[in-house]
Amino acid sequence: MPKRIVLFLIFTMICMTWAVPKPMESIENYNVLMVHGAYGSEKGIKANANLKEADSASKFLGDATLGSYTSEDRITKWIGTNVFEEPDIGKKRNPANAYIYNWRSFTNPANSSLNNAHELADRQWNIAENGASRFGKRRALFEEAQEVKATLRVSKNGKDSLYVGQIALDTIRQNPDLYRQLASRYILIGHSMGGIVSREYVQGDFYNGDVDKIITLDSPHEGTGALNMQIYKEARGWTDEKIRGLLMKSMASMTATGILLAVMGMEPVSVEAGMCITLFSSAIAGGASIPLTKIFSTEVYTKDDSLVHYVDPYQTGFGTIRNLNALPYDAEKLPMFRVLGSKNSMTFGDPTHVDYGLLGSLYLENFSLPVLNMIGQMGGGGDLSTIYVNALTAGIAGIVGIPLIEQGSSLVTEASGLGKHVRLLNDENVDVRKEQFNAAVQAESSDGDFATAMGIASGAVLALDFTLGLINPAAAKAAKTGIVVAFSATMGFSVIGGAVATGFDDLAESHMMPLYKKNLEKWFGNTNSFSLVNAGSSEYTPYLMEDFLYERPFVNLALLDSATLDSLQMNPEAKLNRNCYYLDSRNTARCAVGLFAKADDFRSAQRMQPVSALVPLRFRSSSDWSRMGVKVDRWERVDGLTPDGELAPKSVPIRHMERYAAPSIAVDDWIEKYSFVVDDLMPHRLRQIRMNFNYQEEIAWECDISKDAQASDACVVYKRSGGGEWAVDTTIGDNGRVRHPVQKNGIFDFEPRKYGYSNLLLLQKDNQNTVTVSTVNKIGLSNTQRFYYLFKATDNLLEPLWPLPGVAVNRVSGFSAHVSVLDYQGFSVVSARDAIFQDTSLPSPSSFLPMTRVPSGNRDAIFNSEREMSGLSGGYVWQFRTVTMDSVSAPLDSSDFYNVPFTVDTVPPSFRLSAEASALNPDSVSFLARFAWDGAGVENPDIRAMRWQLSRVDGGLADSLELSSLYDVASQDFAVPFDSASRKFLAEDGLYRVSAYAVDNAAPNASAYDAVNALVSKIADGTVSAGDWERVQGLGLNAGSASAEFRVDRTPPVLKFDKVGAVVPEGASAVGEYASLERPHRREGFAYVSDDSLLSVAYTVSS
């Protein structure tokens, strides 16, 4: 058969997942809901206040269904059997013993998807009004899926009572240990409008975040006009004669148009379209039978059905498909989407929104629409047989006003089925995967003679343009016309009936194809290859639905809280999710990693760790898949209903599964059991598990998935060391063959001694350890992860927290110590005692007093001393001792002690400061001030840190200057030199003060000690600030201070002579004195006032 495109698969992958997928949990944790599409309202459920609850129903309620549990040819049973491997128990299969819940239809299948989304998952749906519920005991489908599996056995006075259904569910929900065993997450598989209903829930404001995956099967994500076609075109009662009569009215025009397209066309599609139109009119004129009624759905819709308005792509506002597509969303909170769309078949269009273009102005609708339909299908996809069958079928439908211009399935266009224009389904941050199926199977598999003849005839018409057309164009057109007419006359009547019947078969079946076993078994996903343990490789090609439902396997270290550990201790076989859990706030949740020091004692796990310290795994990149994870269940409660239908606030527990990277792990015992939880849809069907310890020792299980997982020979155990050859360990199980190591709920416990590792040193070494786990699941998807842990193979750890050995203290109070029992399996710290004594003596037993324990784990404890002592001075020793306990013994003194020497110093540092001079010129001296130790009997200074400041005393500048701080001062005296900053600060004359503040080495507590050390570090690297000094003041340190004042005088004296002149001495005495004076030698060149005179000089001095 000639084809334009060679198709190797019946479906086509459109795009890979944009966002990184997240792991799927075990099917044990899921309720899988089949969500049906649009049906007439008469196939729903009438209001009836006496309806029994779902658990009491003996059969499916309503007539809208995707197939019963026993329908061999429908999707519900097919998935249960082929994907979930449910045993075939015939008519005994019901929702109580199936993973799929499919036990009733929506009460009104023709309701809008928004309304049906509430009926799907709103826990308050069908709330009682005036003491009665419209639909009796029925609940939202999410609620019913849990209700049918709820059973509770209560023993009282030696008698067992069994409760089921809503009463059991209501009671179970009050006890975390019970409701945690119910499947509480959801997978939604929605056909047609069922996919849109599912989206309405997860995008709505009543979404509870409890859906992990949505699979949509040919869902109209962008709406469809097909329902409008069903309503507005009354063609159900039309006959072949009526259709033929309409066509005969336009026969001449149609024939002429066909010949014109074929003769004038220069491309194969134009020629073939013209030939099809001519063939079509010739066949009808020849009396071909038209099975028109095949194309109409048995469903009846009216304009009053809210679904018709909702799904109309041209409608806007609340309660429409366009409103759904415009809703905001948080990509982090959305589930994964797997979208299966259709292609190649014809799609009904809305007759009120057909663009006739030029044809509408030239011809009647009954002629224009057939031509438009045929041209649209000639440009569609598929092989030649599909194209020709679609074109001829669409032409017939166009006669009665049915648009079939686009392709996809009968009700959903290709673009709508894939959501090509829906923002959410094309967001790279949302995990979406899209694939298509061929919806024109009948047309593609039809007889190829017609397609061959069409190809030959159209080829001949086109060839005439390059042969006869070059010589005689008129003759070429005549020849083309002859070929077209001859082809139509010859082939018309013989093929039109069969071709159109085939096309109508596709129209009738295409939209429903994903619901049938015959198609599901032909649709396959990607082939997955994986290496075998010993040698070679293998591969598996999953069904497409398997490929949609599965993700790569992901292994988690078990993370357990105290309640879970206690429950497992009492009942190790419980199917309880081995996940740490909390309600409301995670800040108080603490959990332990599942590495156990005793294989049969769940209480001997590693110490509890706070959940708030864990690092979330977002799966935003593929690297998150290689990290070992841990899971935490966060439970919240939402409003629901009582069994009587009354509002029950906060009664429904909703499980949110949080994933984190495995925390930092330190163990102090040999690990006797590694406990994991494998996330995979069918973890007990893993094909392969490998464990590698420190890249040295390896063990592997290779499993035959054709065998029951509990069969004694389901898996073969291999081992190797140092990268050598793999070999079957025949000492294990039945000659190396064992049951599958992973349970159906994902629990995987590895006990080394059961697999021949009697010497745990082969797997566990002192210090850093690396464990690598590789898995391959049922459909061949593989993953490798690793985690690390520290093994402390040392003695008991005793360490002082305050004081540290050798430090000085100025207060004997607040002493504390950390005690940890590391390498003593089964031991725990019970108590501690302490004593303080001089370093020249030994303590007496009676001097020890009990220490106060800070609440913590059994193996790790902090103890505070109760001692408050004063009046001490000099050297002392603080000794603390521990008391430990064996798991089977009474408390005993372990004789472990720690001596902490320390010095008591309550005397603050004492020193003097003196200025270089009482008045000084900074430009003419080198030093600012001098320091002298005055230690009151202490020969050398014990100053740890010293602050120097310079400030103005007598006004002027109001600020001060921080001089260079000092640390660990050892000199008894030294001078403080001037620098450029201090000289600049002393720019003005005036009175100044230099001051020093010092603290010694003694501290009252650890925080003060650390604060001083931090201050010294900043002094050393030159980053200390005034704020740093202010922070250490008030910490109770030994502190001393001193200061000295000085005056700055940079101004020299100035002499100003006010009066100079000669005077006559008065009085004899003065004259005599004057006369006796020796006359100075007179110098030539100078003039003198007189021979003998007195000089009077008056002057002032200013500075």
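What follows is a quick chat about a few spots in this structure.

Biologist: What kind of model is this?
Modeller: It is a predicted model.

Biologist: Okay. Where is Arg-93 found?
Modeller: Arg-93 sits in the loop between α1 (75-82) and β3 (100-101).

Biologist: Is Arg-93 buried or exposed?
Modeller: Arg-93 is buried, because its relative accessible area is 10% and the cut-off for buried is under 20%.

Biologist: Which backbone oxygen does the side chain of Arg-93 reach at 2.6 Å?
Modeller: That is the backbone oxygen of Asn-97. A polar atom of the Arg-93 side chain also lies 2.3 Å from the backbone oxygen of Pro-87.

Biologist: And what does Arg-93 touch, leaving out residues up to four places away in sequence?
Modeller: Arg-93 touches Tyr-69, Glu-86, Pro-87 and Ala-98. So Pro-87 turns up in both lists: as a polar partner and as a contact, while Arg-93 itself is buried.

Biologist: You mentioned α1. How many of the residues of α1 are buried?
Modeller: 6 of the 8 are buried, so α1 is largely enclosed by the rest of the structure.

Biologist: Which ones?
Modeller: Ile-75, Thr-76, Lys-77, Trp-78, Ile-79 and Gly-80.

Biologist: What covers the buried residues of α1?
Modeller: The cover includes strands β2 (30-35), β3, β6 (185-191) and β7 (211-217). It also includes helices α21 (517-520) and α22 (544-549).

Biologist: New topic. How many disulfides are there?
Modeller: The count is 2 disulfides. As a reminder, a disulfide is a covalent bond between the sulfur atoms of two cysteines.

Biologist: Which cysteine pairs with Cys-580?
Modeller: Cys-580 pairs with Cys-591, and their sulfur atoms are 1.5 Å apart. Cys-580 is in strand β16 (residues 580-583), and Cys-591 is in strand β17 (residues 590-593). The two are 11 residues apart.

Biologist: Are Cys-580 and Cys-591 buried or exposed?
Modeller: Cys-580 is buried, at 0% relative accessible area. Cys-591 is buried too, at 2%.

Biologist: And what does Cys-703 join to?
Modeller: Cys-703 is joined to Cys-715 by a disulfide, with 2.0 Å from S to S. Cys-703 lies in strand β25 (residues 697-703) and Cys-715 in strand β26 (residues 715-721), so the pair ties together parts that are 12 residues apart in sequence. The link is right-handed, with 105° about the S-S bond. Both Cys-703 and Cys-715 are buried.

Biologist: What is the pairing of the bonded cysteines in sequence order?
Modeller: The pairing is 1-2, 3-4.

Biologist: Now helices. At what angle do α2 and α6 cross?
Modeller: The axes of α2 (residues 113-121) and α6 (residues 193-202) cross at roughly 70° and come within 8 Å. That makes α2 roughly perpendicular to α6.

Biologist: Which residues meet there?
Modeller: From α2, they include Leu-114, Ala-117 and Leu-120. From α6, they include Met-193, Ile-196 and Val-197. By class, the contact has 8 nonpolar, 3 polar and 1 charged residues.

Biologist: Last one. Where is Asp-680?
Modeller: Asp-680 is in the loop between β23 (673-679) and β24 (688-693). Asp-680 counts as buried, at 1% relative accessibility.

Biologist: How far apart are Asp-680 and Tyr-550?
Modeller: They are 130 residues apart in sequence and 7.3 Å apart in space, C-alpha to C-alpha. Asp-680 touches Tyr-550, and its other contacts include Met-24, Arg-552 and Asn-777.

Note on methods. Residues numbered from 1 in each chain as written. Predicted model: local features only at pLDDT ≥ 70, side-chain atom pairs only at ≥ 80, totals over all residues. Heavy atoms only, no water. Helix = DSSP H or I, 4+ residues; strand = E, 2+ residues; numbered from the N terminus. Buried < 20%, exposed > 50% of the residue type's maximum accessible area, 1.4 Å probe, protein only. Polar contact = N/O pair within 3.5 Å; in protein donor to acceptor, adjacent residues only side chain to side chain. Contact = heavy atoms within 4.5 Å. Disulfide = S-S within 2.5 Å. Axes fitted to C-alpha atoms, helices over the stretch in contact; angles between N-to-C directions. Parallel < 35°, antiparallel > 145°, perpendicular 65-115°, else oblique. Nonpolar A, V, L, I, M, F, W, Y, C, P; charged D, E, K, R; others polar.
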